[in-house]
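Visitor: I am new here. Please show me the structure, then let me ask about it.

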Amino acid sequence: MTASISESWTRIENWLAEHASATYAALAPPADPAQITATERVIGRPLLKPLVTSLLRHDGLLDQRHPLLPGSYSLLSARQTAAAWTLCTGFYDKATAEEKGDEVDDDFMRIGVSGVLYGHPQLIPIARDQGGGHLVLDHRPEIDRGRVHETDATEGVMRRPDAMWASLPALMDTVATSLESTQPLGGYVPAVNELQRLSWDFTPLSERPAHRP
């Protein structure tokens, strides 16, 4: 059973406080509910409850140099979410999306990647990496509602099949478990550098130990 956002945050906070004090100190205080409302006004829809719960626990990070999530993603604040949404939606090709219709979603589910969906106004940015890529929370009223996707200006929107991407609670629960167990997460292993910052070391598939029954 997937832990709640609050439960996962408690586990993550406890681990960071003990093992990565600098990243723990970089966790922002709770978001001002008025700022969440302002963000919802910018994007034109209510944020999904798990995202609101997370923001009310920590409004992103005080220092974006702390990648809390594997893939070097740093959580965004409510204000940063609105800014990233405004930036990304400027690239949305609405005309092509309308021309292709249901074909866009069909291809996305079948292939797992879509350039047409990049910047879709109902894909809300929740985290960012140093290269400008984002994690987005799917707010569309379809089968992927609540799912987390990766986006990149070159590749488009990428739908990862792993269970950890099924929802924001699933992602946070999986991250908490990876931190506590130091087990790899999609090839990324949690590590702490000399500055007491959390980092995620990536091991290419070819270099990972072979599975032995």
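This is a predicted model: local features need pLDDT of at least 70, side-chain atom pairs count only at pLDDT 80 or more; totals for chains, interfaces and linings use all residues.

Visitor: What pLDDT does the chain average?
Guide: pLDDT is the predictor's confidence in each residue, from 0 to 100. Over residues 208–213 the pLDDT is below 50. Yet 95% of the residues score at least 70. The chain average is 93.

Visitor: How many residues apart are Asp173 and Arg11?
Guide: Their side chains form a salt bridge (a side-chain nitrogen of Lys or Arg within 4 Å of a carboxyl oxygen of Asp or Glu), at 2.7 Å, N to O. Asp173 sits in helix α8 (residues 168–181) and Arg11 in helix α1 (residues 5–19). Helices here are DSSP runs of H or I, at least four residues, numbered from the N terminus. The pair is 162 residues apart.

Visitor: Is Arg140 buried or exposed?
Guide: Buried means under 20% relative accessible area, exposed over 50%, partly exposed in between (1.4 Å probe, protein chains only). Arg140 has a relative accessible area of 4%, so Arg140 is buried.

Visitor: Which residues join Arg140 in one salt-bridge network?
Guide: Arg140 meets Glu142 in a salt bridge at 3.9 Å, N to O. Salt bridges that share partners extend the network. Arg140 is joined with Asp105, Asp138 and Glu142.

How values were computed: Residues are numbered from 1 along each chain as its sequence is written. Side-chain values use heavy atoms; hydrogens and water are left out. Contact means heavy atoms within 4.5 Å. Helices (H or I, at least four residues) and strands (E, at least two) are DSSP runs, numbered from the N terminus.
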